[in-house]
Amino acid sequence: MHLRPELRFLAVAFLVSAALAATAGGEEKIRPMTGAESPSAVLGKLQTAVDTRDRDLWADCLVDSFSFTPDAGVKAAYPDLKWDEWGLARELNFVQWLLSPARKINLDLHGDVNDRGLQSRGQSAWEIVYTLVVDGTTFRGSATLRFVEIRSLWYLESWVDTRQELHGVTIAPSSGEAR
């Protein structure tokens with residue numbers, strides 16, 4: 001059976017495209033956008049990620065442009081760290097360390113939600129007080145969590161830490177110390 005030249009060209013082009021697609025598949029993975037149905041549900045998934053030691057579940061809750069900003073005390077204590085470069089990759093490295101089976105951890109993100117910001121134009125900012133215990137060391141602080149809605153799902157866009165103080169005295173180091 002002989003194919004006409006134009007059909008032979010299409011058949012060869014199809015086979016080459018299929019072969020290239022198969023070999024390129026392992027080079028770069030596109031992260032699925034799984035998020036959650038609300039900012040509260042995002043916090044719930046983050047909590048579950050720690051409770052079940054599931055790094056991927058934590059990653060599912062963050063946008064690719066995620067950023068972490070430590071409190072001023074942590075910035076001053078670690079001036080050589082490039083905190084403005086703390087993005088998704090560094091956060092996921094931290095979470096990988098945090099969720100290691102060798103660590104004893106506990107995280108409470110729902111303890112004190114001081115302000116559940118209004119959801120407007122696909123954005124919301126919450127003020128929370130969290131407690132993170134890692135290997136017996138307690139990290140506690142206030143944080144502004146900024147959420148963004150993408151295709152009807154919510155994600156954590158940024159975490160801005162502030163120290164937890166009582167009458168000017170720091171109660172415990174914030175999560176920036178752990179990071």
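This is a predicted model: local features need pLDDT of at least 70, side-chain atom pairs count only at pLDDT 80 or more; totals for chains, interfaces and linings use all residues.
**View 1. Three salt bridges turn up in a search of the whole structure.** A salt bridge here is a side-chain nitrogen of Lys or Arg within 4 Å of a carboxyl oxygen of Asp or Glu. In general, side chains of opposite charge can pair when their charged atoms come close. Residues are numbered from 1 along each chain as its sequence is written, and side-chain values use heavy atoms, with hydrogens and water left out.

**View 2. Arginine 179 pairs up with glutamate 91.** Their closest N and O atoms sit 2.9 Å apart. This pair links distant parts of the chain: glutamate 91 belongs to helix H5, while arginine 179 is in the segment after H6, 88 residues apart. (Helices are DSSP runs of H or I with at least four residues, strands are runs of E with at least two, and both are numbered from the N terminus.) Are these two partners buried or exposed? Both arginine 179 and glutamate 91 are buried; that means under 20% relative accessible area, with exposed being over 50% and partly exposed in between (1.4 Å probe, protein chains only).

**View 3. Arginine 103 meets aspartate 135 in another salt bridge, 3.4 Å from N to O.** Arginine 103 is in the loop between H5 and E2 and aspartate 135 in the loop between E3 and E4, so the pair ties together parts 32 residues apart in sequence. Arginine 103 counts as buried at 17% relative accessibility, whereas aspartate 135 is partly exposed at 43%.

**View 4. Helix H5 has a buried side.** Leu88, Glu91, Leu92, Phe94, Val95 and Leu98 are the buried residues of H5. They lie on the same side of the helix because they cover an arc of only 155 degrees around the axis, taken from the directions from the helix axis to the C-beta atoms. Over on the other side of H5, look for Ala89 and Asn93, which are exposed.

**View 5. Trp58, Leu156 and Trp159 touch the most other members of the largest nonpolar core, which has 39 residues.** Such a core is a set of buried Ala, Val, Leu, Ile, Met, Phe, Trp, Tyr and Cys residues joined through side-chain atoms within 4.5 Å. H2 gives the most to this core, with 6 residues. Zoom in on tryptophan 159: beyond its neighbours within four places in sequence, its contacts (heavy atoms within 4.5 Å) include Phe66, Leu109, Tyr130 and Arg179.
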